[in-house]
Amino acid sequence: MSAAGSATRAPDSTRLLAALRLEPVEAQAYDEAWAAGTQWVPWPKAFGGDMVAQAAAAMMRSVGGDRVLHSMHSYFLRPVDIGATVRYEVERVRDGRGYSTRHVRAFQNGRAVYDATGSFHVPEDGPDDAPAMPQVPAPEDLPSSAEILAGVDGSAAGYWAHGRSFDMRHVDGPLYLDAAPGAEPRQAVWVKAFDRLPDDSDLHRAALAYVCDYTILEPLLRSQGQAWGDAGLRTASLDHSMWFHREGRADEWVLYVQEACSLQRHRGLARGQFFDRAGRLLATVAQEGMIRPGA
């Protein structure tokens with residue numbers, strides 16, 4: 001699909017589902033391999049969430065149905081081409097009675113571009129405790145990205161408005177074109193897939209892994225009074241960790257609470273938490289990224 005077509009498409013979740021469509025291929029490095037395609041974005045390189053979600057999906061397909069992904073840790077090694085195939089090689093490192101470990105390395109154009117390790121756990125009963133969800137306005141009371149960007153031309157605005165597979169509503173105001181007043185190093189965003197997704201808990205975990213990369217660096221931008229539309233701004237994901245705590249659905253409203261932890265030497269670390277509308281903590285994210293302001 002062309003950039004123009006992607007910018008004007010009606011809101012749906014086909015881009016997410018296309019990203020999670022893995023095909024088995026012959027393994028060249030490890031025990032099994034899967035191929036997936038990166039999705040169109042109006043930037044020079046592919047979206048990092050493609051790699052995280054696709055690696056998670058590849059790992060999930062290598063374990064038995066008695067265990068679920070509870071954590072993964074990733075490094076983004078090289079920029080990935082848009083609209084090209086990435087091969088995910090899965091190493092079955094260990095299978096124990098209660099836990100399994102998987103290693104994934106992704107290749108494109110003959111070079112390693114991404115590396116991740118994941119751990120799986122056989123669910124068991126035990127204490128259940130977590131922090132409370134912050135009190136924020138309901139998503140129905142907030143404007144959508146499409147409403148905020150109505151009348152704004154350009155492929156980036158079209159992508160932000162309805163091209164990311166998710167309805168995304170900022171509690172504190174978005175950073176698409178202008179910096180938000182106050183420069184608070186934290187924010188909250190309601191997210192929900194545009195379409196109803198299949199009843200597959202692994203797919204919903206992968207969907208949260210996919211969407212988490214869109215806004216995780218924004219608290220760091222807020223702390224510096226920056227916005228995505230600033231001329232010359234350059235960002236890149238460096239590494240990423242995610243812990244999955246409870247079952248949830250990515251096609252129902254989820255509150256993504258984020259905060260900046262540290263910014264130095266053009267590297268920033270941010271942390272995020274996903275809560276469902278009942279206040280249950282679904283997942284925790286930490287990500288470090290490169291942030292270079294324009295000259």
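## A tour of the aromatic rings

Select Trp40 and Tyr159 to start: both are buried (under 20% relative accessible area, with exposed being over 50% and partly exposed in between, using a 1.4 Å probe and protein chains only). You're looking at a predicted model, where local features need pLDDT of at least 70, side-chain atom pairs count only at pLDDT 80 or more, and totals for chains, interfaces and linings use all residues. Residue numbers run from 1 along each chain as its sequence is written, and side-chain values use heavy atoms, leaving out hydrogens and water.

Stay on those two rings. Their centres are 6.0 Å apart and their planes sit at 80°, so the pair is edge-to-face. Rings of Phe, Tyr and Trp (its six-membered ring) pair if their centres lie within 6.5 Å; planes under 30 degrees apart are stacked, over 60 edge-to-face, and the rest tilted. Trp40 is in the loop between strand S2 (32–37) and helix H3 (48–60), while Tyr159 is in helix H5 (residues 155–162), so the pair ties together parts 119 residues apart in sequence. Helices (H or I, at least four residues) and strands (E, at least two) are DSSP runs, numbered from the N terminus.

Next, pick Trp43 and Trp160, a tilted pair at 5.8 Å centre to centre with 40° between the planes. Trp43 is partly exposed at 36% relative accessible area, whereas Trp160 is buried at 9%.

Now widen the selection: Trp40, Trp43, Phe47, Tyr159, Trp160, Phe166, Tyr176, Tyr210 and Tyr214 form one aromatic cluster.

Finish with Arg164, whose charged end sits over the ring of Tyr214, 5.0 Å from its centre (CZ of Arg or NZ of Lys within 6 Å of the ring centre and within 35 degrees of the ring normal).
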